[in-house]
Amino acid sequence: MHTEFLMGNEAIALGALAAGVNVVAGYPGTPSTEVLETVAKRKEGNVYVEWSVNEKAAMEVAAGAAYAGARALVTCKQVGLNVASDPLMSLEYLGVKGGMVVLVADDPGPISSQTEQDTRTFAQFSKVPCLDPSGVQEAYEMVQEAFELSERIGSPVFLRPTTRVDHGYEAIEVAEQDEWLVRQPEGFVKDSSRWVIFPRLSVVNHAKIEARNASLSDEFSASPRNFVLPGAGECARKGIATHGISYTYVSDNLDEACLPRVLRVGTPFPFPERLAVEFLQGLDEVLCVEELDPVIERALIAVCGRHGLTTKIRGKLTGDVQPSGENTVESVGEAIARFLGKEVPQPQPSDAPQLPVRPPVLCAGCPHRASFYAVKKAMGKRKTIYCGDIGCYTLGNAQPLDMVDTCLCMGAGINIAQGVFHVEPDTACFAFVGDSTFFASGITGVVNAFYNQANLTVVILDNSTTAMTGHQPHPGTGRTMMGEVVQKVSIEAILRAIGLTTVETVNPLDHELAVETVRRVADEPGVKAIIFKSPCVVLARPQATSKVDASACIGCQRCIRELGCPALALRDGKAVIDETQCSGCTLCEQVCPVGAISGGERL
Amino acid sequence: MNVNIVLCGVGGQGTVLASKLLAAAAMDRGLPVKTAETIGMAQRGGSVFSHVRIGEGVSSPLIGRGRADLIIAFEPAEAVRQLPFLKPEGTVVVATRPIVPASALTGGPAYELDAIMTYLEDKVEHLVLVDADAAARDLGSSKCLNVVLLGAAVRSGVLSLTTEDVAKAIKRLVPERFQDLNARALAYAECEP
């Protein structure tokens, strides 16, 4: 063993490697991405790792590997689990042979997600056991326990850290590389009565799953991952039930003088009922401190009902804990103070001066800015809808571009545009989708729109990477996580194979050509596509910078007001360019009405 | 006994490396460390923060409001934004060069630098101002502001760390070609008496 200062996600990756994981598949998504990246970086021997095209593919790859006796890990964020839910729901009925862990990173807040869904609730729904770590060291240990458990019970197992565990750092004890388990998978053994799902098999296996989960609940009651800390003093008849990162907020808010009994739940499903009954004995009231869904709170209410206990259960459902959003040290402190009848610190009204706001923006030189601006200019005052999608380009919604009217989930924009078209045929419908998102779930959308005779323009924003989550490769990049250089999957060839006859590839930074192309393509009938192709500026790192000739600048601020580029500012009534940010993309040079900006170099 | 530090700035300024250097320096002294970082959407030019907790008796990686001993701010407005985290007698080390967001020029709230600096001077008992422009000029680079600020933070005496501790961490974590620049940056800022 040795000590390493690790991010939670790195610790999970090292834990999986120490557990002898053979196959790792996932799709990038904050806050889960670093798990798979760390596996790729630190793996030894025959470990196979891939960024799959989406989470459903990842789940199926992992399932196949686990059928063949390998230990397999799936990594995704909470909304990625929705994409993978079809295979997972059925997989639970069939089970696995090798241990299979589904790492799902939940995102209270949400900090970088669409939903505040709770994988603990998904665990109940799918009947898949779930482990919920409170810190980095525990996440490292739990992933290893999850593999053992999965293999022992023949079922996939969830590990569901939240953002603060994923992205928290701690110095933890980890195994030396020569201590890592080395497993040789047995291989797939044909048995159609086991691996082919039919209704008859499902009903039989359903009964087995329910019985297994009842017995797991009992086993978990004795697990060190669930524990009760004794209370003391005048608060000893009160209890706090908590989990995950919230447990650490509770710990930081307790003092010896008035110590309620604490239940920490590390296995939210199956819920450790026997331990919960012991915890509740002699308590008048319990406060459940949870993030996302009131999972423990509902479980304790049920336990009280089943066991005839009179303990009052409080939490989100009673309004004692905030129903949504991320818990903080102080929000938990205030909830505990109210619960224990202590003085609650009143927030002081702020007397701070006005502060500038810093909404996330497209980077200086980002080709997406040029793409949005070209479409905006081309369509002018025409009746349009601009359907966006998930990626950096969602930021095209911000002023002054204001070019994202809708955003729902991965790949949805194309068929949202189609739906609007069927209601408003006179609207020019656009769907913006990034290259990685196109591969993940955009292709079926285009097929659907094409087959069903829609009239819309698909705009592929192809920056040759998965930029938002930190530049992961995808099928269009020609690189894999195993380090191979492979044949690129061509977006243009896919679109043509579907049947689209108009597919134009343009550099969005050539503004005039881009505008002309959009005007022409948008007026063609049916489904057509424009591929705006230009590399992500963060990866391309161009070296040129544009400069404003102050004597020529007329101070019209057109560059600033039209583009919203973070490198452009106003000083003494003239535009100035921050050369530490400018990448010389030349878009502002092309927008300036008097040619006062020059020096950039278009990629 | 523990020390709680909030580092804050704008995405891309180097707050994450600064928090890693602090953590590494503390670990070398045998102290337990927990940190929390902003990663993801907020990095794109947004406000970012890191929490660093050094010492025994720490459970959460996040610091509660009013519980930070030290704020290391890479820019004045972000110092004010994070000020609610500071203890009443806490210390703030702040780089005085403002970073004005595009939003302040396109209809969003303006950047009122004078009001912001006056507020910091009024509210903070131990305020250490670091002239980032002068530092960049004298050192020949604006890329090592994070280490200039760490040097000032160490000299403020709040951290139970020495400049040698941080220097060792720099040797370990920073690429060879930036070693010299960062060594000079660490020695640069002098603490106001």
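A: A salt bridge is here a side-chain nitrogen of Lys or Arg within 4 Å of a carboxyl oxygen of Asp or Glu. By that rule, 5 salt bridges are found across the interface of chain B and chain A in this predicted model. One of them links B:Arg53 to A:Asp252, with 2.8 Å between the closest N and O atoms. Polar contacts between chain B and chain A amount to 16 residue pairs, both residues being at pLDDT 80 or more.

On the side of chain B that touches chain A, the elements giving two or more residues are α1 (15-28), β2 (33-37), β3 (47-55), α2 (76-82) and α3 (113-123) of chain B. Of these, β2(B) gives the most, with 5 residues. Sorted by class, this side of chain B holds 24 nonpolar, 11 polar and 12 charged residues.

As to extent, 47 residues of chain B are in contact with 45 residues of chain A. The two chains bury about 4000 Å² between them, and carbon and sulfur atoms account for 60% of that area.

Strand pairing also crosses from one chain to the other. Strand β8 of chain A, residues 168-174, is joined to β2(B) by 3 bridges, and the two strands run antiparallel. Within this pairing, B:Thr35 of β2(B) is the residue opposite A:Tyr169.

Chain A also contains an open sheet of 6 strands, paired in parallel and ordered β3-β2-β4-β5-β7-β6. Its edges are β3 (48-51) and β6 (130-131) of chain A; each has a single partner strand, so one side of each is left without a neighbour in the sheet. A:Leu131 has A:Leu159 in β7(A) as its bridge partner.

Two helices of chain A pack on this part of the sheet. Helix α6 (residues 119-126) of chain A touches β5 (100-105), β6 and β7 of chain A, and its direction makes about 175° with that of β7(A). Helix α7 (residues 136-153) of chain A touches β4 (72-77), β5, β6 and β7 of chain A, again with a direction at about 175° to that of β7(A).

How values were computed. Residues are numbered from 1 along each chain as its sequence is written. Chains are lettered from A and ligands numbered from 1 in the order in which they are written. This is a predicted model: local features need pLDDT of at least 70, side-chain atom pairs count only at pLDDT 80 or more; totals for chains, interfaces and linings use all residues. Side-chain values use heavy atoms; hydrogens and water are left out. Two strands pair if DSSP finds at least two bridges between them. Helices (H or I, at least four residues) and strands (E, at least two) are DSSP runs, numbered from the N terminus. Contact means heavy atoms within 4.5 Å. Axes are lines fitted to C-alpha atoms, for helices over the stretch in contact, and angles run from 0 to 180 degrees between N-to-C directions. Buried area is the accessible area (1.4 Å probe) that two parts lose on being put together, summed over both. A polar contact is a pair of N or O atoms within 3.5 Å; within protein, one must be able to donate a hydrogen and the other to accept it, and residues adjacent in sequence count only if both atoms are side-chain atoms. Ala, Val, Leu, Ile, Met, Phe, Trp, Tyr, Cys and Pro count as nonpolar, Asp, Glu, Lys and Arg as charged, and the others, Gly among them, as polar.
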